[in-house]
Amino acid sequence: MILAIYVGSVAGYFWIDSSAHTLAPSNLDAADETVVLVELTAIHPLDNRVDVDVVVIPQKGLLDPEFGTLNTDMVVVVCPCTDLGELSFPKGEIPKVIKTQLAATGEADRWPFDTYTTKTIGTDVFVGSGADRRYVPARVEVGGSLYGWDIRSDRSGPATHSGGTDDNATITFSRSRGPLALIFGICLVLLTLPALALYAAIEMLLGKKKFQPPFSTWFAAMLFAVVPIRNVLPGDPPPGSWIDEALVFWVLIALVAAIVIYLVAWARRSD
């Protein structure tokens with residue numbers, strides 16, 4: 001029976017967690033316009049930041065047909081970006097990957113039902129230098145994988161100098177179902193601890209069960225296990241969030257109450 005429950009729970013977890021975490025670019029064809037690929041690498045919910053790698057795929061007319069290097073200087077400006085400045089790609093080199101961050105606003109206190117959304121990501125791409133600098137057509141594509149997150153990319157926003165409204169993207173992050181199921185299971189464990197402790201303590205206080213002095217270590221172990229169990233919750237909920245106020249705090253109070261009841265039972269039978 002226990003083995004069946006275990007196998008069923010594991011199979012159920014993988015089933016509900018089967019939704020893809022990967023966001024694949026829809027079109028990397030750079031024949032007619034430069035593609036700026038934004039690859040997601042990490043999210044920092046408490047800081048409202050997303051780490052990204054910016055990869056530029058120049059249109060064919062900007063590349064040396066023999067060596068695949070740029071035949072002109074290229075500058076890319078990603079908006080909105082937390083690191084203000086231009087991403088420069090010199091003539092004669094293959095465009096390299098550049099790391100930067102994007103802002104993604106959300107409410108971390110709503111964990112695990114928090115969602116984060118970037119502003120419309122657009123790019124201005126221009127080539128040449130000095131008086132010869134000019135804009136070239138560019139399109140934003142988004143890709144990447146973040147475990148524990150469902151990622152959606154939508155085409156929206158105002159046109160930029162290098163692209164139209166359909167060439168920009170807005171990214172939305174929400175927690176996937178697998179971690180939500182795991183959070184639910186851990187919360188059940190936290191609720192079970194005080195229930196067991198109160199049952200044992202009350203039974204000994206009423207004299208329905210024989211008083212057991214070794215239970216003192218059991219009560220202490222459960223009390224000190226609450227915080228480590230809380231800290232393994234997926235997504236690292238911020239300290240003081242609703243999970244602490246609505247669950248962890250009351251679990252601690254219930255366990256302390258069970259210890260007090262146990263000590264009262266001990267005092268009655270100590271003589």
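In strand β10, G144 is the residue that L40 stands opposite; strands, like helices, are DSSP runs numbered from the N terminus (E, at least two residues, for strands; H or I, at least four, for helices). The structure is a predicted model, in which local features need pLDDT of at least 70 and side-chain atom pairs count only at pLDDT 80 or more, while totals for chains, interfaces and linings use all residues. Residues are numbered from 1 along each chain as its sequence is written, and side-chain values use heavy atoms, with hydrogens and water left out.

The mean pLDDT of the protein (the predictor's confidence in each residue, from 0 to 100) is 82, and 87% of the residues score at least 70. Among the elements, the lowest mean, 68, belongs to helix α1 (residues 2–16), and the highest, 91, to strand β7 (residues 115–118).

Strand β10 (residues 138–145) has 6 of its 8 residues buried, that is, under 20% relative accessible area with a 1.4 Å probe and protein chains only (exposed is over 50%, partly exposed in between). Pairing requires at least two DSSP bridges between two strands. Strand β2 (residues 34–44) pairs with β10 in the parallel sense over 7 bridges. Strand β1 (residues 22–23) pairs with β10 in the antiparallel sense over 2 bridges, and L23 of the chain also stands opposite G144.

A further set of 4 strands forms an open, antiparallel sheet in the order β5-β4-β8-β9. Strands β5 (87–89) and β9 (134–135) stand at its edges with a single partner strand each, so one side of each has no neighbour in the sheet. Strand β4 (residues 74–79) is joined to strand β8 (residues 122–127) by 6 bridges, in antiparallel orientation. V76 stands opposite V125 in β8. Beyond residues up to four places away in sequence, V76 touches V36, V56, E86, L87, F89, D124 and V125, contact meaning heavy atoms within 4.5 Å.

V76 is also among the residues with the most contacts inside the largest nonpolar core, of 34 residues, together with L40, M74, F89, I151 and F173. Such a core is a set of buried Ala, Val, Leu, Ile, Met, Phe, Trp, Tyr and Cys residues joined through side-chain atoms within 4.5 Å. Another core, of 24 residues, lies apart from it and includes A197, F211, F219 and A265.

The C-alpha atom of A265 is separated by 4.6 Å from that of L205, 60 residues away along the chain. L205 lies in helix α2 (residues 177–205). Leaving aside neighbours within four places in sequence, L205 is in contact with I261, V264, A265, R268 and R269.
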